[in-house]
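Please open the model in a viewer and keep the selection panel at hand.

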Amino acid sequence: MTLVLQILLTFSILSLVAIGGANAVLPEMHRQLVELHGWLDDATFSQLYALAQAAPGPNILVASVMGWRIAGGPGLAAATLGMLVPAAVLAWGMAGLTQRLRGAPWLKPAQGGLVPVAIGLILAAGITMAQATHGSAHSQGVMPLLLVAVASVFVWRTDYSPLWMLAGGGVMGALLLG
Amino acid sequence: MSDAAAPALTRPSHAGLFLGYLKIGLLGFGGVAAWARHVIVQEQRWLTERDYAEVLGLGQILPGPNVGNAAVMIGRRFHGLAGALLATSGLYFAPLIILIILCLFYDRYGQLPAVAPVMAGIAAGAAGMVIGTALKMAGKLKLHAEALVVLLLATVAAAWFRISLPLIVVVLAPVSIALSLRRAGLLGKGAAR
């Protein structure tokens, strides 16, 4: 029981420093789980990260997998709640604040100022993902980068569902990268 | 619908909010930012491109995943606390189930299922999807020159120099807000005019 509470507390703290989401908090997560608490070793931490990447959904769920490995089902629940609830409460408060300030003339321009930062970081995430696909064992050469380029232009210039691109990527991967 | 550039928005029902976010979570391989925009702006038309980008920007400066924070804020906007809970649970429901199944696999076999080439192809597609989404948003929002500079600075700092995201946000967000206020005539030289 105490272990589960410790997991809840640790991930609650991680939640509050996770500005920028999962990738931003990963180094601190490693420090807490591997170095401070010794709940996981280095290799396991990396494998679990890869496992979480294989699932769809927000990358922050990497916390859930770590919780699972440390303390099974209760660990998963504690890590997930710890990671999500504090940030969600802050977002709730922020939504209320912006609703209350809706009439303020500076609110829209101020919020607009955050837009290029948000888009720039999405672009950076895409580039980082592209670099990662290039580096993995199953994707040597230019093929993966070509796939990335085709997918980028497809999503940028057309309004079709991006699902076509993911499905196409999977098929091309099976045919060309195997 | 006289203005083709601004199609009519739809207000989601409770179920619609949950189902929309369920789809975002379920399809969001390699992160959900691209899917969230696709569903919310393009497919369901809950918010305009600009509205969504602004909510996402707020989500970015708060701790936690920006799309998760946006889910709370968008849910609250349409249906209060129930909306925030529905959007959030929709977003995380399917990925958690899939993750638990993967964990069981992992515990049993000690490694990922042998579908690495397919996963590599999907990952490449997902990377392109994220890049394409950023380009699309930047194009549709017709950002000013100084905003484009901020955008590229954020990209280069995060992707090439690997500067930690909190640091990027702490430095660039105030600069970018100041530039935006100034362009709106609310700060500095612009306000004096």
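Begin by colouring the two chains separately: their contact (heavy atoms within 4.5 Å) takes 87 residues from chain A and 93 residues from chain B. This is a predicted model, in which local features need pLDDT of at least 70 and side-chain atom pairs count only at pLDDT 80 or more, while totals for chains, interfaces and linings use all residues. Residues are numbered from 1 along each chain as its sequence is written, chains are lettered from A and ligands numbered from 1 in the order in which they are written, and side-chain values use heavy atoms, with hydrogens and water left out.

**The interface**

Display the surface between the chains. The area buried between chain A and chain B is about 8,000 Å², where buried area is the accessible area (1.4 Å probe) that two parts lose on being put together, summed over both. Carbon and sulfur atoms give 78% of that area. Next select A:Pro56, A:Trp92 and A:Leu166, which supply 9% of the area that chain A buries against chain B, more than any other three residues.

The charged end of B:Arg76 sits over the ring of A:Trp92, 3.9 Å from its centre; the criterion is NZ of Lys or CZ of Arg within 6 Å of the ring centre and within 35 degrees of the ring normal.

How many salt bridges cross the interface of chain A and chain B? The rule finds three, a salt bridge being a side-chain nitrogen of Lys or Arg within 4 Å of a carboxyl oxygen of Asp or Glu. For a salt bridge to inspect, select A:Lys108 and B:Glu54, whose side chains meet at 2.9 Å, N to O.

**The nonpolar core**

Now select A:Phe11, A:Met29 and B:Ile40. These are the residues with the most contacts inside the largest nonpolar core, which has 111 residues. Such a core is a set of buried Ala, Val, Leu, Ile, Met, Phe, Trp, Tyr and Cys residues joined through side-chain atoms within 4.5 Å. Helix H4 (residues 66–109) of chain B provides the largest share of this core, 16 residues; helices here are DSSP runs (H or I, at least four residues), numbered from the N terminus.

Centre the view on A:Phe11. Leaving aside neighbours within four places in sequence, A:Phe11 is in contact with residues including A:Met29, A:Leu33, A:Met66 and A:Met83.

**Aromatic pairs**

The structure holds two aromatic pairs over all chains. Rings of Phe, Tyr and Trp (its six-membered ring) pair if their centres lie within 6.5 Å; planes under 30 degrees apart count as stacked, over 60 as edge-to-face and the rest as tilted.

Select A:Phe154 and A:Tyr160. Their ring centres are 6.1 Å apart and their planes stand at 20°, so the pair is stacked. A:Phe154 is partly exposed at 22% relative accessible area, whereas A:Tyr160 is exposed at 58% (buried means under 20%, exposed over 50%, partly exposed in between; 1.4 Å probe, protein chains only).

Move to B:Tyr21 and B:Trp46. With centres 6.2 Å apart and planes at 40°, this pair is tilted. The pair links distant parts of the chain, 25 residues apart: B:Tyr21 is in helix H1 (residues 14–27) and B:Trp46 in the loop between helix H2 (33–43) and helix H3 (49–61) of chain B. B:Tyr21 is buried at 0% relative accessibility, and B:Trp46 is buried at 4%.

**A loop residue**

Finally, select B:Arg45, in the loop between H2 and H3 of chain B. Its phi is near 55°, a positive value in a residue other than glycine.

How values were computed: Helix = DSSP H or I, 4+ residues; strand = E, 2+ residues; numbered from the N terminus.
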